[in-house]
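Thanks, everyone, for making time this morning.

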Amino acid sequence: MSGAFLSLSGLTKRFGGLTAVSDVSFGMAAGDLISIIGPNGAGKTTLFNLVTGQLPATAGRVAFKGQDITNEPPQVRARRGFGRTFQISKTLTALTTLENAMVGAFLHHRDLAAASRRAEEMLELVGLGARAGIKAGNLTLSERRRLEIARALALDCSVLLLDEVMAGLNQTEVADVIALVRRLHREGLTILVIEHNLKVVRAFESRVIVLDFGAMIADGMPEAVLSDPNVVEAYLGRKRT
Amino acid sequence: MAVSAPRRAAEGITTFAAEALRIAAILVVLLALIWLYRRDPFTLNILAYTFLFASLASAWNIIGGFGGQFSLGHGVFFAIGAYVTANLYIHLGLSPWISLIPAAGLAAGAAVLVSWPTFRLKGPFFAIATMALNEVAFVLANYSDTLTGGPRGLSVPFKAGLANMIFASRLSYALLMLGFLAVCLLVCAYAYRSRLGYYLQAVQIDEDAARAAGIRVLRVKLTGMAMSAALTGIGGAIFAMYLRFVDPPTLLSLPDVGVKFALIALIGGVGMLYGPLAGALLIVPLEFQLRAGLGASVPGGNLLVLGVILVLCALFLKRGIVGTAVMLWDRARRRFW
């Protein structure tokens with residue numbers, strides 16, 4: 001699985017003396033679904049921000065479709081096809097659900113009518129069609145997460161980055177979002193997911209990368225990775241003997 | 001891939017065409033108001049000022065409201081428009097109608113130039129920077145004798161005529177200001193009901209989310225600022241021809257110009273299309289009546305009452321007149337339908 005599509009090489013981010021992401025390298029082929037897991041503070045969100053350009057990298061490079069995009073700001077990467085959600089959801093609360101999705105759709109649909117239609121389609125896709133006219137501030141947490149996905153999809157993105165979209169959702173809501181992500185993956189979208197919930201990662205049945213203290217400690221399919229002693233130690237600590 | 005362009009917008013989305021119809025209806029009502037008072041110069045003067053300040057506050061609202069960049073420096077763009085037009089008229093005899101183009105252009109150019117660095121600042125820091133800009137402009141206007149006439153100001157000789165934008169009757173001025181208001185409302189509606197308007201709102205609410213949606217934040221802010229400043233420059237030009245006298249305190253006094261645009265928008269409903277119009281319809285006539293009725297008997301009494309009204313608005317009309325009306329309407333609709 002060499003990553004001609006999206007590749008990270010030696011990606012590092014330091015905040016003063018703290019190395020939040022340390023020498024992370026992996027590649028994604030088009031259509032891959034990869035989950036990034038790791039304990040709190042492992043650097044998952046920082047890694048995400050390096051990939052989408054929200055933070056500048058200290059060292060290393062990010063390449064997309066063979067082009068070096070390491071120094072590009074987030075808005076340029078979004079134009080290239082990066083869509084993302086935020087861990088603390090950034091819905092535009094003063095706008096309606098439909099208008100939120102439109103903000104994404106305008107990127108490739110200049111016209112108001114065309115953008116609103118495109119936004120409507122994306123809301124239907126994530127199951128928010130009936131909530132279109134409601135102010136986004138009145139949506140539930142689960143709905144906001146799905147709205148963020150709809151906004152990213154409305155960008156016509158080719159890579160979707162989901163930052164803990166399941167956090168704080170109940171069982172049914174988690175099942176809904178899993179089904180949505182799997183469906184998008186089946187339709188050919190390349191997806192990078194940060195996830196805390198190991199059940200979710202198992203459900204995806206696809207490649208998992210484990211971060212601990214900013215470094216990659218495991219990379220492989222869920223069964224192998226989740227039984228790796230290093231991973232168990234990172235999550236649960238060492239067993240006392 | 002063939003994309004058939006859908007012509008109708010989705011339900012719940014107001015298009016520019018629909019908004020233009022609303023504006024036409026509003027203009028008819030305001031025109032009727034002028035007709036009603038056509039023989040009353042005192043009221044016509046109030047109406048002219050009301051429409052002018054409604055226009056200027058609407059122009060401010062593009063960047064200050066939709067874009068959330070709380071500028072207190074719009075007096076600078078106002079002054080640029082006024083000085084450009086007065087100078088071109090006095091020295092070259094150029095018709096003010098033609099001067100509207102350089103007035104708008106220079107105001108927009110100056111706005112882009114000073115906003116480029118200041119847009120790095122957020123919230124109150126941006127407001128303070130623009131306020132400082134206004135004060136610097138005040139000093140410069142006082143010292144640049146050749147361009148502004150310094151503290152003595154510039155007087156435009158009275159030569160009535162349509163080409164000179166100078167009229168003998170107040171009625172013509174009221175109509176002129178209404179025409180300017182029509183232009184401003186249409187430009188605002190176009191900005192609000194288009195990609196630019198949504199991008200400005202996205203930038204206002206959350207710049208990180210805006211960037212993630214591919215929005216070039218600085219460019220969107222500069223575009224909004226340029227549109228806003230261009231209209232403000234035209235307003236300054238018209239104001240100069242109405243007063244036929246301009247000096248630094250009339251154009252650049254912070255409380256009477258720069259802050260007033262923002263204040264009117266805040267009282268009417270900041271970030272809402274018709275907020276500034278509603279604010280101007282309340283505040284400007286009130287100010288005139290208070291000054292005429294109370295200012296003579298109790299010195300400063302008019303300002304006192306105005307101050308109390310502003311405090312009450314801040315306490316009870318947090319979303320402004322239009323915002324509160326919309327909220328009450330929504331609540332009523334939910335209860336009775």
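Predicted model: local features only at pLDDT ≥ 70, side-chain atom pairs only at ≥ 80, totals over all residues.

What percentage of the 241 residues of chain A count as buried? The figure is 46%, where buried means that 20 or more other C-beta atoms, placed from the backbone, lie within 10 Å of the residue's own. Residues are numbered from 1 along each chain as its sequence is written, and chains are lettered from A and ligands numbered from 1 in the order in which they are written.

Chain A has a radius of gyration of 18 Å, which agrees with the value near 18 Å for a compact globule of 241 residues; the radius is taken over C-alpha atoms, and the globule rule is 2.2 Å times the number of residues to the power 0.38. Its secondary structure comes to nine helices and ten strands, these being DSSP runs numbered from the N terminus, with helices (H or I) of at least four residues and strands (E) of at least two.

Turning to the sheet, six strands of chain A form an open, mixed arrangement in the order E6-E7-E8-E3-E9-E10, where two strands count as paired if DSSP finds at least two bridges between them. E6 (82–84) and E10 are the edge strands, each pairing on one side only. Strand E3 (residues 33–37) runs parallel to E9(A), joined by three bridges, and there Ile37(A) has Val210(A) as its bridge partner. On the other hand, E9 (residues 208–212) and E10 (residues 215–220) of chain A are antiparallel over five bridges, with Val208(A) opposite Gly220(A). In their hairpin, which has two residues between the strands, Phe213(A) takes a positive phi near 45°.

Finally, the two chains together: 26 residues of chain B are in contact with 34 residues of chain A, contact meaning that C-beta atoms, placed from the backbone, lie within 7 Å. On the chain B side, helices H8 (195–205) and H9 (207–212) each supply at least two residues, and H8(B) gives the largest share, six residues. That side of chain B divides into 13 nonpolar, five polar and eight charged residues, with Ala, Val, Leu, Ile, Met, Phe, Trp, Tyr, Cys and Pro counted as nonpolar, Asp, Glu, Lys and Arg as charged, and the others, Gly among them, as polar.

Notes. Buried ≥ 20, exposed ≤ 12 C-beta atoms within 10 Å, placed from the backbone.
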